[in-house]
Amino acid sequence: MGLETASAERPLSTLHEKASYDVADFEVPKGREEKWRFTPLRRLRGLHDGTAAEGSAADATDPVLVEVEAAPDVKVERVGRDDPRVGRAYVPTDRVSAQAYASFTQATVITVPRETVATTPTVVRLRGEDAGHAAFGHTTVIVEPLAKATVVLDHRGSATYADNVEFVVGDGAALSVISMHDWADDSVHLSHQHARLAKDARFTGFVISLGGDVVRIAPSVSYHGPGGDAELYGVYFADAGQHLEHRLLVDHTVPNCRSRVDYRGALQGDAAHAVWIGDVIIRAEAEGTDTYELNRNLVLTDGTRVDSVPNLEILTGEVAGAGHASASGRLDDQHLFYLQARGIPRDQARRMVVRGFLGQLIERIEVPEVREQVAAAIEAELDR
Amino acid sequence: MATLEIRDLHVSVGDGSDGAKEILRGVDLTVKAGEIHAIMGPNGSGKSTLAYAVAGHPKYEITSGSVTLDGEDVLEMSVDERARAGLFLAMQYPVEVPGVSVSNFLRSAVTAVRGEAPKLREFTKEMKRAMDDLSIDPAFAQRSLNEGFSGGEKKRHEILQLELLRPKVAVLDETDSGLDVDALKVVSEGINRFSGGETGVLLITHYTRILRYVQPDFVHVFAGGRIVAAGGPELAEELENEGYEKYVKAGVSA
């Protein structure tokens, strides 16, 4: 490998530029790598080093069951590895992602036909049956031009699971996705969720991470025509011993696109760990970009750990707006004092503040059932 | 009849590095239902410390003295217990609480203080009437508590809470500061509405301006962490004309 001269035209964040379908193209991570330094590799059960894939017997029943409740007019197929629609929008950018691509047997393809406005959400239920065997999955959602749909990815149960999810949003189409991770305590889930936006496409990606031992989700967005608009929201609640990691990448390569990122989490209990990486790149050719990213963490007890790293790289002087912010802090004594001074008991005051903090995002969830589920799950977390 | 009694109250703020600093140095004060007491003093004299110490803010440490409400030991109570016992502190700088709506907050507070949840319909009516009285736009009920409120709006909301919670004793910490004349009149009307009856009022202020609209029964001059002079409304006039200078000296030498 020769020396490369840094060019002002190229961004510094190039981690995602190395992409391949071949697991062998990625070295087994050791834990020092930028991409992996926050992740507890020992708890990945071999998803990163090939041992999990060897153990996943193809003949056994699938440890993660997939069941889809589709909206009328929305087409759902289970296809094999050779289906040409699979893997077109996204090429794996790390070892686990490539492993998932190499090891899945069946993919779910959801198609929203041109100009179709889906009247109800399409719900994909992923049920982990057995965390003792690794499972690999692939989901591709294609929203054809001018169509509009909402998709819920509902992850539950016990699993050791790695997957890739592709969202292909056509010209003038709109897709809203809610990815709910309410795994059982023994689950490990690593996922890449890539949205590919055509001209004037709109995408809203909501990630909710509540359960699981290790959950590492990497949502990313690429733009392939002007007018693309992506909103990425996340709500997470990390309990004692839980590792919840969200790694976002928004790569503005096209003029006049917009992105908004707002992730908020609460942490409580010993060794609760939240990681948030927010990479936004505005390339030289992406004039007129409008972007803002935000991460906030509310620390409820001692012994938790937050790593929050926003990266914003701007390679053009012609931006419409660009900003980022990250704030992590303890539950504010001033807030509690104010509510208590009005007679509200301390525990109730604490709940009100946490509910309020996360609620501003939760209320943006478009599907009422999911919104209520999330609100109820947060209450259950606060009861612990 | 409700009575708040403050006896020889000493309060320190400890910051760990250079030890605790005594801010209140022996405060004696009795406030009864229906009375309006004005506490006036220069900045830094400890007026706000008195307010926060009585309300139970954890930053302030009571080193000696007592505070009782109708004979009950207030200092033994948690912050919320004090509020439920009938104490109210209108804050100088009400904090913003994102995502907690004004109506949710008010209903939670009223439920806690009254001991039972008010019927939603009746409460909505009661809240709306109280908002009308204070010229508060009803749309504020749905907004996040204090978030994006102007200084005057925050102060009016403090008085709104006061009217709904009907405390035995209300401590108003510089509620008049930062208000324009119109807002001051609205807020003063609110204070007069509830002070006429069962509520005792401790009005902490830096300026005499509000005393043109709210007539105090007693005026206390605060300096150097103590009350250094007490009298009737005429004392406020004297302060208006002569300022705090002579009291500041008295407070320091005491």
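## Helices α3 and α4 of chain A

Helices α3(A) and α4(A) pack with their axes 9 Å apart, at an angle of about 125 degrees. An angle between 115 and 145 degrees counts as neither roughly perpendicular nor roughly antiparallel, so α3(A) and α4(A) are oblique to each other. Their crossing is right-handed. This is a predicted model.

Which residues make the contact of α3(A) with α4(A)? From α3(A) come His335(A), Leu336(A), Leu339(A) and Gln340(A). From α4(A) come Arg346(A), Ala349(A), Arg350(A), Met352(A) and Val353(A). By class, that contact has 5 nonpolar, 2 polar and 2 charged residues.

## Helices α4 and α5 of chain A

Helix α4(A) also packs against helix α5(A), residues 368-383. The angle here is about 155 degrees, and the axes lie 11 Å apart. An angle over 145 degrees counts as roughly antiparallel, which is why α4(A) is roughly antiparallel to α5(A). The crossing of α4(A) and α5(A) is right-handed.

On α4(A), the contact uses Arg351(A), Val354(A), Arg355(A), Leu358(A) and Ile362(A). On α5(A), it uses Arg371(A), Val374(A), Ala375(A), Ile378(A) and Leu382(A). The contact residues divide into 7 nonpolar, no polar and 3 charged.

## Where chain A meets chain B

How many residues does each chain bring to the contact? Chain A gives 20 residues and chain B gives 21 residues. On the chain A side, α3 (333-340) and α4 (346-362) each supply at least two residues. The largest share of that side comes from α4(A), with 9 residues. By class, the side of chain A that touches chain B has 8 nonpolar, 8 polar and 4 charged residues.

## The annotated span of chain A

An unreviewed UniProt entry annotates residues 129-357 of chain A as "domain: SUF system FeS cluster assembly SufBD core". In the model, this span is 66% strand and 9% helix. Its end C-alpha atoms lie 34 Å apart.

## The six-stranded sheet of chain B

Chain B holds an open sheet of 6 strands with mixed pairing. The strand order is β6-β9-β10-β3-β11-β12. Which strands form the edges? They are β6 (87-90) and β12 (226-231) of chain B, each of which pairs on one side only. Neighbouring strands of this sheet are turned by 20 degrees against each other on average, direction ignored.

Strand β11(B) shows both kinds of pairing. With β3 (residues 36-40) of chain B, strand β11 (residues 218-223) pairs in the parallel sense over 4 bridges. Here Ile39(B) stands opposite His220(B). With β12(B), strand β11(B) runs antiparallel, and 5 bridges join the two. Val219(B) stands opposite Gly231(B) in β12(B). The hairpin of β11(B) and β12(B) has 2 residues between the strands. In this hairpin, Gly224(B) takes a positive phi near 60 degrees.

A helix covers part of this sheet's strand set. Helix α1 (residues 47-55) of chain B lies across β3, β6, β9 (169-173), β10 (200-205) and β11 of chain B. Helix α1(B) runs at about 140 degrees to β9(B).

How many bridges join β1(B) to β4(B)? There are 8 bridges between β1 (residues 3-14) and β4 (residues 60-69) of chain B, which run antiparallel. Arg7(B) stands opposite Ser66(B) in β4(B).

## Helices α5 and α6 of chain B

Helix α5 (residues 151-165) and helix α6 (residues 181-195) of chain B have axes that come within 10 Å and cross at roughly 10 degrees. Angles under 35 degrees count as roughly parallel, so α5(B) is roughly parallel to α6(B).

In α5(B), the residues that meet α6(B) are Gly152(B), Lys155(B), Arg156(B), Ile159(B), Leu162(B) and Glu163(B). In α6(B), their partners are Ala183(B), Val186(B), Val187(B), Gly190(B), Ile191(B), Arg193(B) and Phe194(B). The residues of this contact divide into 7 nonpolar, 2 polar and 4 charged.

How values were computed. Residues are numbered from 1 along each chain as its sequence is written. Chains are lettered from A and ligands numbered from 1 in the order in which they are written. This is a predicted model: local features need pLDDT of at least 70, side-chain atom pairs count only at pLDDT 80 or more; totals for chains, interfaces and linings use all residues. Two strands pair if DSSP finds at least two bridges between them. Axes are lines fitted to C-alpha atoms, for helices over the stretch in contact, and angles run from 0 to 180 degrees between N-to-C directions. Two residues are in contact if their C-beta atoms, placed from the backbone, lie within 7 Å. Ala, Val, Leu, Ile, Met, Phe, Trp, Tyr, Cys and Pro count as nonpolar, Asp, Glu, Lys and Arg as charged, and the others, Gly among them, as polar. Angles under 35 degrees count as roughly parallel, over 145 as roughly antiparallel, 65 to 115 as roughly perpendicular and the rest as oblique. A crossing is left-handed if the near helix is turned anticlockwise from the far one by less than a right angle, and right-handed if clockwise. UniProt positions are given in the numbering used here, feature names are shortened, and annotations may be inferred rather than shown by experiment.
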